Structure formats: C-alpha cells, structure tokens
Amino acid sequence: MEVRLDCIGEDKVDFEPYEAFLTADETTDWFRAWTGNGELNGDDFRVFGQDGTGGNVAFWLSRPGQPLVEQPIVFLGSEGETGVIARNLAAFLWLLADGFGPWEASTTHDPEPDWVPRPNRELTAIAEQFAPDHRAPAVAIVEQATQDFPDFDDTIMKLCR
C-alpha cells in the first residue's frame, strides 16, 4: 500500500489506503451511519481504505473459515454505490495494477468521460510478486466478483433504514 500512497493523484484513481484497518468501533460507527441502522455492527467488514468522497473499501467476511486474503473486497460509496470489486486480495492487487480504483470498479456506468485507466508498473510488480497466478484485466476481475456475489447490493440494501 505504500506504493499506492505514493501515487495518489498521479493516476487519477481516487483510492487512499489506510496504514491499518479501522478499529471494530470505527467500523461499526461507519456501517451504522452508512446504513442508517443503529442495530448493526461492522463485524463482517475489515475497512482498509477510502476514496476522496469517504466511500470505504473493505474485506467482506462472507466466506466462513477462509483466511482474510481470500475474502471478497467490497466498496460502499458515499453516494450509496455498492459493489464486490474483487474476489480476494490477489484479484484486488491486479485491479489496482491495471489502473482501476474501487469507485471505478464499482460503477455500473462508465467512469468520468475522459478517464482512462493507467496501469502502474510498481503495482504490477507487486501483483506479480504476490499473486502471479491471478493475473487478469480489471474488467474481468470485476465481472468475476460480480458473478460470484450477485446478491451483495440486495443484501446491503436490506440492512438500510
């Protein structure tokens, strides 16, 4: 994530990773505010970054018994956007390497009209080192994640008040 922090703004991808996960209390406060539902907790999420509008990127702990790196990565945007953007950390590394951020991956429409993904050599080197067998273009990564978790939006919207 240090590489990602160093290139914020340069690639026109608005993803700001945190140096550590949000605490359990911070995650619960955020999730309650996002859903408007004070009865919930944030136990199903490990938030590790945001975009400039305050939308959060998190591991969604939806695969019982699986390690954290195998959990899907989701985006819950400040304007109500939701999306499973990668099946796991390996796929997320390739998503970033291909020049996509969480918002770009979660939008059901095209990102800004003049936006063009800019693959990043340093992030590609990291993805090659830690996830060499998971290489795929960003569009395929998002499509596969969406197919694997087609009910994510409905699941989240049912929690909203």
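Reader: How many bridges join strand E3 to strand E4?

Author: Four bridges join E3 (residues 56-60) to E4 (residues 73-76), and the two run antiparallel. Helices (H or I, at least four residues) and strands (E, at least two) are DSSP runs, numbered from the N terminus. This is a predicted model: local features need pLDDT of at least 70, side-chain atom pairs count only at pLDDT 80 or more, and totals for chains, interfaces and linings use all residues. Residues are numbered from 1 along each chain as its sequence is written, and side-chain values use heavy atoms, without hydrogens and water.

Reader: Which residue stands opposite Ile73 in E4?

Author: That is Phe59.

Reader: In what order do the strands form the sheet?

Author: In general, strands of a sheet pair through backbone hydrogen bonds, either parallel or antiparallel. Here five strands form an open sheet, E1-E2-E3-E4-E5, with antiparallel pairing; two strands pair if DSSP finds at least two bridges between them. E1 (16-17) and E5 (82-86) each have a single partner strand, so one side of each is left without a neighbour in the sheet.

Reader: Now to helix H5: which of its residues are buried?

Author: A handy rule is that an α-helix has 3.6 residues a turn, so residues three or four places apart point the same way. In H5 (residues 121-130), the buried ones are Leu123, Thr124 and Ala127. Down the axis of H5 they fall within an arc of 105°, so they line one face; the arc is that of the directions from the helix axis to the C-beta atoms. Arg121, Glu122 and Gln129 are exposed on the other side. Buried means under 20% relative accessible area, exposed over 50%, partly exposed in between (1.4 Å probe, protein chains only).
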